[in-house]
Amino acid sequence: MKAFSNTEVKELLTVKLKSWSFDGKYISRNFKFKTFVNAFSFMTAVALEAEKMDHHPEWSNVYNSVTINLNTHDANGITRLDFDLALLIDKVFERMNSV
């Protein structure tokens with residue numbers, strides 16, 4: 001899978017993933033929740049979807065905050081797979097916050 005150029009990544013973020021940022025290596029987003037249990041439930045839901053895609057995020061969790069960084073190590077950059085997973089992550093977040 002071919003990595004996008006930095007310009008392509010920035011353009012795609014502007015159009016598809018406005019809440020995500022790009023630091024030249026990863027597309028990233030921080031998610032906030034009411035409680036640790038909500039944050040961990042989100043991570044569990046994302047983990048199940050990421051496993052289906054065979055594409056796994058780099059992430060961290062501190063109490064009610066989850067930070068997710070995505071890139072495709074095999075391609076040494078950001079690929080369509082990262083955007084697909086980010087869109088899915090956003091849908092999980094929206095679904096969990098609408099309850």
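Biologist: Hello! Which residues form one aromatic cluster?
Modeller: This is a predicted model, and the structure holds eight aromatic pairs. One aromatic cluster is formed by Trp-20, Phe-31, Phe-33, Phe-42 and Phe-93.

Biologist: Let's take Phe-31 and Phe-42: is the pair stacked, edge-to-face or tilted?
Modeller: Happy to go through that one. A pair of aromatic rings is described by the distance of the centres and the angle of the planes. For Phe-31 and Phe-42 the centres are 4.9 Å apart and the planes stand at 45°, so the pair is tilted.

Biologist: How many residues apart in sequence are the parts that Phe-31 and Phe-42 tie together?
Modeller: Both Phe-31 and Phe-42 are buried. Phe-31 belongs to strand 2 (residues 27–32) and Phe-42 to helix 2 (residues 36–53), so their pair ties together parts whose separation in sequence is eleven residues.

Biologist: And what about Phe-33 and Phe-93: is that pair stacked, tilted or edge-to-face?
Modeller: Phe-33 sits in the loop between strand 2 and helix 2, while Phe-93 is in helix 3 (residues 80–97), so this pair ties together parts 60 residues apart in sequence. Phe-33 and Phe-93 are both buried. Their ring centres are 5.4 Å apart with the planes at 85°, so the pair is edge-to-face.

Biologist: Turning to the hairpin of strand 3 and strand 4, which residue takes a positive phi?
Modeller: Strand 3 (residues 58–62) and strand 4 (residues 65–70) run antiparallel and are joined by five bridges. Val-62 stands opposite Ser-65 in strand 4. The hairpin has two residues between the strands, and the positive phi, near 45°, is taken by Tyr-63.

Definitions and conventions
Residues numbered from 1 in each chain as written. Predicted model: local features only at pLDDT ≥ 70, side-chain atom pairs only at ≥ 80, totals over all residues. Heavy atoms only, no water. Pairing = 2+ DSSP bridges. Helix = DSSP H or I, 4+ residues; strand = E, 2+ residues; numbered from the N terminus. Phe/Tyr/Trp six-rings, centres within 6.5 Å; stacked < 30°, edge-to-face > 60°. Buried < 20%, exposed > 50% of the residue type's maximum accessible area, 1.4 Å probe, protein only.
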